[in-house]
Amino acid sequence: MPKHPNDRLQGTLDLLILTTLARGGPQHGYAIAQRIHHVTDEALRIEEGSLYPALQRMTGSKWLRAHWGTTDTGRKARFYALTPQGWQQLEDEERQWAFLTQAVNKALRFA
Amino acid sequence: MSPLTRLWNLVRRRRLDEDLRQEMETHLALIEDEGRVRGLNALQARQNARTRFGGPLVYREQAFDAVTLTWLVDAWKDVTLAARRLMRSPTFSVAALLTLALAIGANAAIFAVVRRVLLNPLPYPESDRLIELDHGAQGLRMASGIAMSPGLFFHYQDRARTLLGTAIYQTDEQTLTGEAQPERVRVSHVTTNLASVLRVWPAQGRWFSDAEGLPGARPVAVLSHGLWVRRYGADPNIVGRPLTLNGVPADVIGVMPASFAFPDARVEVLVPELLTRAMGFGTFNHYSVARLRDRLTLADARAELNSLIADLPRVYPSYPLTIGYNLQLTSTAISLKEAKIGAVARTLWILLASVGSVLLIACANVATLFLVRADARQREVAVRHALGAGDAGIARCFLAESTVLCLAGGLLGLLCARVAVRALVAFGPANLPRLEEIRLDGTVLMLTVVVSLVSALAFGAIPLWRRGRLAASLHESGRSHTTSRSRQRVRQVLVASQIALALVLVVSAGFLGRSFQKLRAIDPGFNPTRALTFRLGLPDREYSTRRSVVATHHAILERLAALPGVTATSASTCLPLAEEGWCYGSPLRVHGRPLPKNELPPTVAFRAVAGGYVEAMGMRLLRGHGIDRSAVERSEPIAVINQALADAYFAHEEPLGTHVSIGLDTWLTIVGIVANTPFRALGEATGTPMLYMPMSVAGGPDMPASVLAGPDVGVMSYMVRSAISPRVLLPAARRVIDSPDAKLPMAQVRPLADILDRASAQLAFTMALIAMAASLALLLGAIGMYGAMSYVVSQRTREIGVRLALGADSARVAYMVLRQGSVVAIAGMVVGLGVALAGSRVLESLLHGVSSRDPGVFMATTLALLGVALLASWLPARRASRVDPLVALRSE
């Protein structure tokens, strides 16, 4: 299988999507991208080319559940929500992220 | 994500993709909305959205890849592309496909047979420990095959320490009545320990108890699975149901498992053999099976049994054979497997080798095709390379092609094999054990897949071979050029080896065909045309005396003779070529000649006959006269002997008028001598002594066996000769038999000619299969030759054009091509002849009346193959000679 171009960032991307859905409830792809864009003060922009494969993969892994619904503007869209496994995954990834950032911070401080 | 989920996603690919498409459309629309909110017009908003979003198709693919089995998708892509490429060159593909299918199919079918029949012929636990206790008797001039007597059975059972158990059995035919139509079934009388020796017990009900093997026990029977299904509709409550065998009621106590076929698949009922030690030594009328103790060999068993045989006179002092004659009994125990399939094994291995050769030829053929194709595609490959295709990519492309081709060939081959196996089961000789169980099972499937994949790898590798040259081929001018010398040599070697293998097969087929021809040309000593035969048994209960039996036979014969179209009728206890063999065999006593001291005279086969048998059978009367109807009715003690008996007993005396006897008091006067008829098989090396006697003086139900009066006339084989076809005659004959007694079953109903056909059936079967393999080999070899030479001509068209333009005459050009073809063919044939000469000895055991060195066969088959090879290269040669120089030169 060819390596996916954003494999390295995948963990971060997953964490961002999970957090977004945990905080904001069920949302569609566009909303997820927008929200990440806004809450990071426009520092992070999720490429659609990374977003959709990630959503597919996470749905396939049963972290997310997808269902069709309508947006406020009346458009048909697919909404993603966290499953219990998704919550579990979020917890794990948050812990890992905290561990990683602490470690990097320490390294930066004492290097 | 589990591979299973990924696979599932692959299946619902369309659904997933549609969802994604819609989802992304919404996304785009939302970006557009956002743009409009920021004050862009519709067109700008859309353009902006498109630019920001990028390529939805690529995302869809990436999203799809994230959740499915990418490698499977890639492989599928390779396969469909390869299939499309193959479809574009249909001649190549169809030729390769058919070649592979036929060869793989033939191999799968024969392997299925070999696997079942040779590799695992006995469906019993630890069957390699099972042996058959046969004996030889130098005193009877019989090296082996005299089998066992009940006395020996007890002797061994009590004393043999090398054996875990010994069982004996004999098989006969009995009339099965009760409920459905009466019918003749084969019944094996077995000692009650047979199940524990074989280690197989009934699938339903129980096996015989020891008490049921003693005289006076309540009659019981165990059915074969086949009979249970066929006659009793697989009744689950079969145990306890009554049946009647030869008029004696018995209870069904069990049904054997479906795989059980002992002594052979034709036996449908097992009953206990009633034996006691008090019966004495008995005669050698039983077969036996024994189980060797662990870690002991056949030689150990033989040694012990021989020492036990030496002890026989002490144990059976009254047995005449142990005192009167020096029987020189020896144990010739052999493994049960050898006993059951020894004769067939060699045939099957030869067949497997034959189809294996066909597979090799097919592979050589397909390899040639691939080689030609690879040459033709050299430039295509170079272009691919130049455009950036990697080595792996190009290899994958070729391997995909050969894999598609070989797997398709394998699949088609399995279909061929299915048909072939059905035909084998339907037409196979009856002495193949487990024939009816042969099917294409998992192992055969595995073998087919492996063979297909290995050939796929091999053929796929051909174009990759010497790839170093590929890059160079772009530099060469656009003109076609003749291929390199080494490639040409490879092709020539491939063609020559096809010819060599084909020759070996054609020679084998030639030998078998010649044998068959010789076998069919043998004079059987009787007239087999237009005669119906069947076997009729009169149950002892209703027909309890010899007088009543003979009267009934006479009554039936009389009515049969009165049927329209019937020209002659008669009956005998055994017909020539009978499966039963001896039917009744014993040494003969000649009046006034003292019993020889140290050796037994040759055994004579006895036949009790109705009047006019010699004439009705169309046997050649050499001297004297036959036994007519009135002589039978008057119970005249006369006999007709055959030439073999006259030679064996009356080498220096006049046989006519001599008195001879089987037993103690009935003396028969020899009144005629007839030509020999085959005993068990056509083309027997020596004739078997035979004696024909009136049925009215032979054995019958009221004659005690100790009187030795001759064969029991209760069961006779009828022969009805007619002007009309035997099959047309049959219904009328059936009505005739029904009229005195509707309970009498007709068995072995067949035209006399069938008996003759069956005698050569096994050779015919082997010959047909090898002939098929040989024709396939010949065809493939010819195609290979033709293909190779055609290719040479097409490659050399320009050169030939130049030659012709410079004045070479067309005959010379044709000769040039033909010569090239013949050199290859002759080289192949020289090798093939060498192999055939060295290997023809393997065939010897299958041959009849023809030496395995017969120069005629070698000559004829070699010339035939040479003819085919020349024809196959002559066609391209002719095409070469008709090349128009102008067209050839201009075409570039």
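Modeller: Two residues are in contact if their C-beta atoms, placed from the backbone, lie within 7 Å. This is a predicted model, in which local features need pLDDT of at least 70, side-chain atom pairs count only at pLDDT 80 or more, and totals for chains, interfaces and linings use all residues. Residues are numbered from 1 along each chain as its sequence is written, with chains lettered from A and ligands numbered from 1 in the order in which they are written.

Colleague: What makes up the contact of chain A and chain B?

Modeller: By that criterion, 18 residues come from chain A and 23 residues from chain B. On the side of chain A, α3(A) gives the most, with seven residues; helices (H or I, at least four residues) and strands (E, at least two) are DSSP runs, numbered from the N terminus.

Colleague: Why are α6(B) and α15(B) called oblique to each other?

Modeller: Helix α6 (residues 90-119) and helix α15 (residues 391-427) of chain B pack at about 45°, their axes 6 Å apart. Axes are lines fitted to C-alpha atoms, for helices over the stretch in contact, and angles run from 0 to 180 degrees between N-to-C directions. Angles under 35 degrees count as roughly parallel, over 145 as roughly antiparallel, 65 to 115 as roughly perpendicular and the rest as oblique; α6(B) and α15(B) are therefore oblique.

Colleague: How much of chain B counts as buried?

Modeller: A residue is buried if 20 or more other C-beta atoms lie within 10 Å of its own, exposed if 12 or fewer, and partly exposed in between. Of the 892 residues of chain B, 41% count as buried. Chain B has 29 helices and 24 strands.
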